[in-house]
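Here is a short briefing on charged side chains. Look first at how they pair, then at one that stays apart.

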Amino acid sequence: MPAGDPSRKGQPPVWRAALFGLCPECGASTLFDGPVKFEERCRVCALDYSRYNVGDGPAAFLTLIIGALLIAIALTLDAVVRPPLWVHIILWVPLTAAAVVYGLRVGKAALLASEHQRQAAEGRQVNDKHD
């Protein structure tokens, strides 16, 4: 759909819906019911979020990517500053948890918004008759 299409009025772009947990239809901040759990439907426009099959696909990739980045930063900090072990524990444990939870929110919201904008649906088999 073109950007000026009237049927897209109120629909946020995928990146904005992902970063801020916005409904992909009306743009209201109603996507999540908890840290990473989707609401059943939008409280403003009644879009049914359960019809989208996002699952936990982004979880493994995000955890590995965030883990690799934070370990690289932690090793660099340790090599440069040499802080005691308790500093690493206090710094990296909550930072890792926050990064994974926020990353999951963004990843799952991006997949849902992308499915909505592309009108993705369950796979269907079509019988093509080519002779």
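Exposed means over 50% relative accessible area, buried means under 20%, and partly exposed lies in between (1.4 Å probe, protein chains only). This is a predicted model: local features need pLDDT of at least 70, side-chain atom pairs count only at pLDDT 80 or more, and totals for chains, interfaces and linings use all residues. Residues are numbered from 1 along each chain as its sequence is written, and side-chain values use heavy atoms, with hydrogens and water left out.

**Salt bridges**
- A salt bridge is a side-chain nitrogen of Lys or Arg within 4 Å of a carboxyl oxygen of Asp or Glu.
- The count by this rule is 3 salt bridges.
- R43 pairs with E39, with the closest N and O atoms 2.8 Å apart. R43 is exposed, at 57% relative accessibility.
- D78 and R82 form a salt bridge at 3.6 Å, N to O. D78 is partly exposed at 24%, while R82 is exposed at 61%.
- K37 and D33 form a salt bridge, their closest N and O atoms 3.7 Å apart. K37 is partly exposed at 49%, and D33 is partly exposed at 38%.

**A buried charge without a salt bridge**
- E115 is buried but has no salt bridge. The nearest side chain of opposite charge (Lys and Arg count as positive, Asp and Glu as negative; His and the chain ends are not counted) is R51, 7.8 Å away.
- A polar atom of the E115 side chain lies 3.3 Å from the backbone nitrogen of N53.
- Leaving out residues up to four places away in sequence, E115 touches Y52, N53, V54 and A120 (contact means heavy atoms within 4.5 Å).

Technical notes. Polar contact = N/O pair within 3.5 Å; in protein donor to acceptor, adjacent residues only side chain to side chain.
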